[in-house]
Amino acid sequence: PIALSVTHLSKRYGETRALNGVSLMLEQGEMVALIGASGSGKSTLIRHIAGLEIGDGESGRVEILGAVSQAGGRMNREAARGRVAVIFQQFNLVGRLSVLTNVLIGHLGRIPRWRGTLGLFNAREKDKARAALARVGIPQVAAQRASTLSGGQQQRAAIARTLVQEARILIADEPISALDPSAARRVMDVLADISREDGITVLVSLHQVEYARRYCRRTIAMRDGAIVYDGPSTALSNDF
Ligand code: ADP
Ligand code: ADP
């Protein structure tokens, strides 16, 4: 089944064409790399998929698990928000809160109001959050402040929050760009695991072609707001 489709999506910022007729389709459970030089439009595409922005084309549309948003019209933000999780290069966690609370915030994907403290989440929710932390390999840091985690641990905690949210699509915008190689590998391993085991569709934008080749069967490459390659990562040239 198709998890996500983007059709003829275009976006201008003044004179800049950030997206120029982008179309793509992701199968449920696929893990796909998104690569391209800085300024090629990756983040703009990701913001549209996440429902944080609306395209400006006549025909552009984003369809997520059956929920359609017509570019230029009203985005179905609520539909996208519960089902799509986004992880950025950094600042995914609230540093002064515990790691467990940060993961519990995933529940707010369905209960859209901040409930303040850890004490307001019930035991079942806490168990689920702890299980998610174990799943990403960092059960021991649950009680620590998020600000004390290493960069790689922070990304894995953000992935744990995605599991608690029960997102079906995870968009990761350069999640490993700030990490050393061994931390980067662990984060990529977790992404591969949740796509394979949970059927979560993962779109991950990456700086290095090497990681795309190693972790993703398929890579989408962008240049100047357009998709210039969409196919097997093994056939990708080093120019990207
Ligand atoms: P990437 O993520 O691949 O680096 P972006 O999507 O951030 O690319 O940017 C694509 C183009 O759109 C760039 O030329 C960038 O300067 C421009 N752009 C992105 N966001 C904005 C914005 N909010 N306002 C103006 N221009 C923007
Ligand atoms: P070590 O495992 O000894 O700490 P590294 O982490 O630097 O050494 O590299 C180990 C493995 O990670 C190697 O197989 C190498 O190909 C891979 N690797 C390192 N850096 C990158 C990179 N930037 N992109 C892709 N693979 C990398």
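A residue is counted as near a molecule if one of its heavy atoms lies within 4 Å of that molecule. In the predicted model, ligand 2 is surrounded on this basis by Pro 181, Arg 185, Gln 208, Glu 210, Tyr 211 and Arg 214. By class, this shell comprises two nonpolar residues, one polar residue and three charged residues.

In terms of secondary structure, at least two residues of the shell around ligand 2 are supplied by each of H6 and helix H7 (209–215). Helix H7 provides the largest share, three residues. Helix H6 (residues 181–198) also packs against helix H5 (residues 151–165), in that their axes come within 9 Å and cross at roughly 15°. Angles under 35 degrees count as roughly parallel, and H5 and H6 are therefore roughly parallel to each other. The crossing in which H5 passes H6 is right-handed.

The surroundings of ligand 1 were examined in the same terms. The residues around ligand 1 are Tyr 13, Thr 16, Ala 18, the run Ala 37, Ser 38, Gly 39, Ser 40, Gly 41, Lys 42, Ser 43 and Thr 44, and Arg 47. Classified by residue type, the shell around ligand 1 holds three nonpolar, seven polar and two charged residues.

Polar contacts to oxygen atoms of ligand 1 involve both backbone and side-chain atoms of the protein. A backbone N or O atom of Gly 39 is positioned 2.6 Å from a ligand 1 oxygen atom, and a polar backbone atom of Ser 40 is 3.2 Å from an oxygen atom of ligand 1. From the side chain of Thr 44, an N or O atom lies 2.6 Å from an oxygen atom of ligand 1. The protein covers 61% of the accessible area of 560 Å² that ligand 1 has on its own. Strand S2 (16–27) and helix H1 (42–49) are the elements that contribute two or more residues to the shell around ligand 1. Helix H1 gives the most, with four residues.

Key. Residues are numbered from 1 along each chain as its sequence is written. Chains are lettered from A and ligands numbered from 1 in the order in which they are written. This is a predicted model: local features need pLDDT of at least 70, side-chain atom pairs count only at pLDDT 80 or more; totals for chains, interfaces and linings use all residues. Side-chain values use heavy atoms; hydrogens and water are left out. A polar contact is a pair of N or O atoms within 3.5 Å; within protein, one must be able to donate a hydrogen and the other to accept it, and residues adjacent in sequence count only if both atoms are side-chain atoms. Accessible areas come from the Shrake-Rupley method with a 1.4 Å probe; for residues, only the protein chains shown count as cover. Ala, Val, Leu, Ile, Met, Phe, Trp, Tyr, Cys and Pro count as nonpolar, Asp, Glu, Lys and Arg as charged, and the others, Gly among them, as polar. Axes are lines fitted to C-alpha atoms, for helices over the stretch in contact, and angles run from 0 to 180 degrees between N-to-C directions. Angles under 35 degrees count as roughly parallel, over 145 as roughly antiparallel, 65 to 115 as roughly perpendicular and the rest as oblique. A crossing is left-handed if the near helix is turned anticlockwise from the far one by less than a right angle, and right-handed if clockwise.
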